[in-house]
Amino acid sequence: MFRYLLLLAPLFTLLFCHREINSGSGRKAENNYKTLCASCHGPTVESFVQRDWKHGSSRLEIISSIGGNFTGGANHHPAQKLNEKEVQELGQYIIDAIVERKQKMITEGAPTNGVYTSQGMTVQLDTIAGGLENPWGMAFLPNGDLLFTERSGKLWRITPKGKKTEISGVPPVLVESQGGLLDVELHPQFATNAFVYLSYSKFRDSAGVQLATTAVRRARLEGDRLVEGLDIFTALPYSNTRYHYGSRLEFDKQGYLYISVGDRGDQDANPQQLGSDCGKIHRIHADGHVPSDNPFVNQKGVRATLFSYGHRNPQGVALNPLTGDLWETEHGPQGGDELNVIRAGKNYGWPVVSYGTHYDGRPFTQLTEKEGIESPKTYWIPSIAPCGLTFINSDRYPAWKGDLLAGSLRFKYIERIRLDGEKVALREPLLKNIGRIRCLTVSPDGYLYVAVEEPGFIFRLMPK
Ligand code: HEC
């Protein structure tokens, strides 16, 4: 019987190859998916579309998971039957399928074709880039080109017409869990000095164990290359965890650079201990020097770059263009995400004071307020997992002018916050279901750009 099949094979090839040439590997991957994976993960990759990924969502991480490279994975994952190429094709198939489904959901979720209505504003999504791997940071060049990072370790320039070019010369980064190439920011006088700042997860080997930390690299942009790269800040100590890097970069009007660093998962050793850089917001000069008026500069055993402390994982930092104040959002434990105004030398409480609970529901601390500890301007229960923060100061969105926008990874929307001084006067959800929001920024010509992940898109909001 087998012999006859072999004899028939050339006939089949003749009959079908004209259809198979382009889509052969895609179709094979689709078949493999349907026979080996669909029973558990859904016939149209449902379980991956709205997922809190446990083992990572980059192409390489998905491919690694397909091979069963996670605890318990080897026992039941059926990919052992596949060869390496088939596993890679399957990984690409899943990513393509997620992108397709997601694009559909985004346009179908909105009333018509990417149009969203809020109190007093109607906006339409304009896709700037799609199919990205976890875009994390964005910064506009003076000529209107957008620089953006992908967490997987790439820096891109995209022109207003959509031409995308990779920028070389980025530092090697540790792409694991929440680590990778993270924020990007320009020097306030970029037009004359071309300095670009990148935050990233820096790593080193210690007796065979890989340790990681948050670092900031400054380099000059020369054409499509970064040159003269120099790490101007490296948070100490390094740790063997792979999360809570913080990593937002923001300049203020005086030209100080603020760097947020998460607690790296060690709430006892870091946020309240002033000898550690982690769980803090730091302030340095643009060349890395410590400002002489930093709050703890003369205190023994305290890090001189330290500006504020008691933070968990600050992933949204924005300068209020009117007052010059620095606003911040950070992830709470389970509930208790915070919106803060950051002031020199202040303690923001983690883990002494929190509105959050442990992931199993036990309260962290009975305290939600304490003398000597700054209270948040607002907090979120349940956690929205805030990431990305910006003020709207342009005239493009009249109904949102002056408002603070906070992105949510978990609930996939933007929260618009109307402030009355420092009080939260109104909160409205915008762009529901647009995707896990990673970064928000406003272009020099006043448009809001939104980076979402899993799968990665960058959208521009066009007022209608
Ligand atoms: C018998 C059920 C079952 C089958 C069949 C199966 N998986 Fe899984 N898969 C799981 C479970 C259970 C997990 C672990 C999820 C977790 O840790 O929460 C998982 C995890 C994964 C992950 C990682 C998800 C994450 O959150 O990081 C990927 C990717 C994946 N599977 C892909 C596949 C592919 C591709 C196939 C087909 C070759 C497949 N799986 C077949 C049950 C299955």
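My entries on the domains and the ligand follow.

Ground rules: this is a predicted model, where local features need pLDDT of at least 70, side-chain atom pairs count only at pLDDT 80 or more, and totals for chains, interfaces and linings use all residues. Residues are numbered from 1 along each chain as its sequence is written, and side-chain values use heavy atoms, with hydrogens and water left out.

**Domains.** I looked up the assignment (automatic or from a database) and got domain 1 (2-101) and domain 2 (110-463). Their centres, taken over C-alpha atoms, are 35 Å apart.

**Buried area.** About 840 Å² is buried between domain 1 and domain 2, with 40% from carbon and sulfur atoms. This is accessible area (1.4 Å probe) that the two parts lose on being put together, summed over both.

**Salt bridge.** I found 1 across the interface of domain 1 and domain 2; the rule wants a side-chain nitrogen of Lys or Arg within 4 Å of a carboxyl oxygen of Asp or Glu. Glutamate 61 pairs with arginine 151, their closest N and O atoms being 3.8 Å apart.

**Ligand.** I count 20 residues around the ligand (a heavy atom within 4 Å), with Cys37, Cys40, His41, Lys54 and His77 the closest. The side chain of histidine 41 puts an N or O atom 2.8 Å from a ligand nitrogen. For lysine 54, a side-chain N or O atom is 2.5 Å from a ligand oxygen. Histidine 55 uses a backbone N or O atom, 2.7 Å from a ligand oxygen.

How values were computed. A polar contact is a pair of N or O atoms within 3.5 Å; within protein, one must be able to donate a hydrogen and the other to accept it, and residues adjacent in sequence count only if both atoms are side-chain atoms.
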